[in-house]
Amino acid sequence: MPYLYEIFEPDKGESDAGQALLRMLACESPGKSYADAMRLRASGALASECTDIYFVALDGDDCVSRLWNGWGRHADAVGNFGNFLTLEEYRGQGIGTHLLELWYADLQARPDQPIGLFCTSAPKAARMYEKFGMRPIIKGTEYGPSYMPLGNSPDDFAELCQTYYQPSDRLISKPASFAWRHEIDLLLKFALLQRGLPFGFDGMPSMEQALLIAPEKTELVFTLQGRCIGWRYDGQAQLYPDYKMD
């Protein structure tokens with residue numbers, strides 16, 4: 001039986017592909033923040049603040065492979081790429097490769113591209129992603145934190161950081177939301193990692209987890225130009241190193 005390949009975007013309403021994806025995600029990695037957040041995104045609960053696009057392979061009514069990318073609905077957004085999984089019994093048939101090609105064609109045609117896509121890849125995945133323009137961020141490594149520039153973004157990650165983190169006379173704190181999650185858990189995290197600095201707080205390793213557990217304790221820090229350059233959790237603050245809070 002031939003497989004059916006579909007694109008599912010939660011903000012465009014329910015579909016058979018979307019329902020199959022939700023069934024696949026339903027019991028996956030319970031208690032893990034990335035899985036809880038992915039279920040939230042796929043349900044459409046964050047559609048007003050996040051763009052989420054899923055590439056789904058169906059065998060009948062079942063989702064047997066999926067791939068995702070997403071970003072916030074705002075200017076100069078940072079994109080996340082991944083949640084790539086093909087069920088074990090369906091591997092080796094080219095299904096994942098087909099999804100990657102479908103994803104890449106869709107991404108290149110989108111008028112709402114983010115400034116780049118980021119992911120953390122294992123060795124085998126890194127080799128697959130490399131042909132589409134994803135490259136390791138840490139010099140001398142072949143996998144791990146990776147970056148794919150889009151639009152006019154520079155190829156070099158350090159140069160991207162120089163472009164993104166512009167000086168500001170004043171910093172502004174605002175309530176946190178998933179629309180800016182990737183600016184913190186990806187761009188800021190990888191920028192700190194490249195400098196050999198730790199990310200997160202004791203007992204709170206990511207903003208994603210903070211938003212799921214205690215959103216009322218979580219804030220974002222912006223420049224006057226609207227760039228998200230740090231976050232606060234329960235009175236603690238972490239900023240890109242070139243900035244200081246008053």
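Two strands are taken as paired if DSSP finds at least two bridges between them. Strands (E, at least two residues) and helices (H or I, at least four) are DSSP runs, numbered from the N terminus. The model is predicted: local features need pLDDT of at least 70, side-chain atom pairs count only at pLDDT 80 or more, and totals for chains, interfaces and linings use all residues. Residues are numbered from 1 along each chain as its sequence is written, and side-chain values use heavy atoms, with hydrogens and water left out.

**View 1. The hairpin of β10 and β11.** Strand β10 (residues 228–233) and strand β11 (residues 236–239) run antiparallel and are joined by 4 bridges. Within this pairing, W231 stands opposite Q238 of β11. The hairpin has 2 residues between its strands, and D234 adopts a positive phi near 50 degrees.

**View 2. The salt bridge between R232 and E219.** A salt bridge is defined by a side-chain nitrogen of Lys or Arg lying within 4 Å of a carboxyl oxygen of Asp or Glu. The closest N and O atoms of R232 and E219 are 3.8 Å apart. This pair links distant parts of the chain, with R232 in strand β10 and E219 in strand β9 (residues 218–223), 13 residues apart. Relative accessible area classes a residue as buried (under 20%), exposed (over 50%) or partly exposed (in between), using a 1.4 Å probe and protein chains only. R232 is partly exposed because its relative accessible area is 23%. E219, at 32%, is likewise classed as partly exposed.

View 3. In the salt bridge between the side chains of K12 and E9, the N to O distance is 3.2 Å. K12 counts as exposed because its relative accessibility is 62%, whereas E9 is buried at 11%. A salt bridge also connects R110 with D112, and here the closest N and O atoms are 2.9 Å apart. R110 has 15% relative accessibility and therefore counts as buried, while D112 is partly exposed at 30%. In the whole structure, a search finds 14 salt bridges.

**View 4. Two nonpolar cores.** A nonpolar core is a set of buried Ala, Val, Leu, Ile, Met, Phe, Trp, Tyr and Cys residues joined through side-chain atoms within 4.5 Å. In soluble globular proteins, nonpolar side chains tend to be buried together. The largest core has 42 residues, and those with the most contacts inside it are F118, F157, Y165, L187, L220 and W231. At least two of its residues come from each of α5 (157–164), α6 (181–194), α7 (207–213), β9 and β10. Helix α6 contributes the most to this core, with 7 residues. Another core lies apart from it and has 22 residues, including I53, A77, I95 and L99.

View 5. N80 is buried because its relative accessibility is 10%. Contact is defined as heavy atoms within 4.5 Å. Setting aside neighbours within four places in sequence, N80 is in contact with W68, N69, G70, L117, F118, C119, R181, H182 and L186. A polar contact is a pair of N or O atoms within 3.5 Å; within protein, one must be able to donate a hydrogen and the other to accept it, and residues adjacent in sequence count only if both atoms are side-chain atoms. The side chains of N80 and R181 make such a contact at 3.3 Å.

**View 6. Y240 in the segment after β11.** Y240 has 5% relative accessibility and so counts as buried. Not counting residues up to four places away in sequence, Y240 touches C161, Y165, L188, A191, R195 and I229. With the side chain of R195, the side chain of Y240 also makes a polar contact (3.0 Å). The C-alpha atoms of Y240 and T120 are separated by 20 Å, the two residues being 120 residues apart along the chain.

**View 7. The cysteines C27 and C63.** A disulfide is a pair of cysteine sulfur atoms within 2.5 Å, and the structure holds 0 disulfides. C27 is in no disulfide, and its nearest cysteine sulfur, that of C63, is 14 Å away. C27 is exposed because its relative accessibility is 71%. C63 is also in no disulfide, with the sulfur of C27 as its nearest cysteine sulfur. At 6% relative accessibility, C63 is buried.
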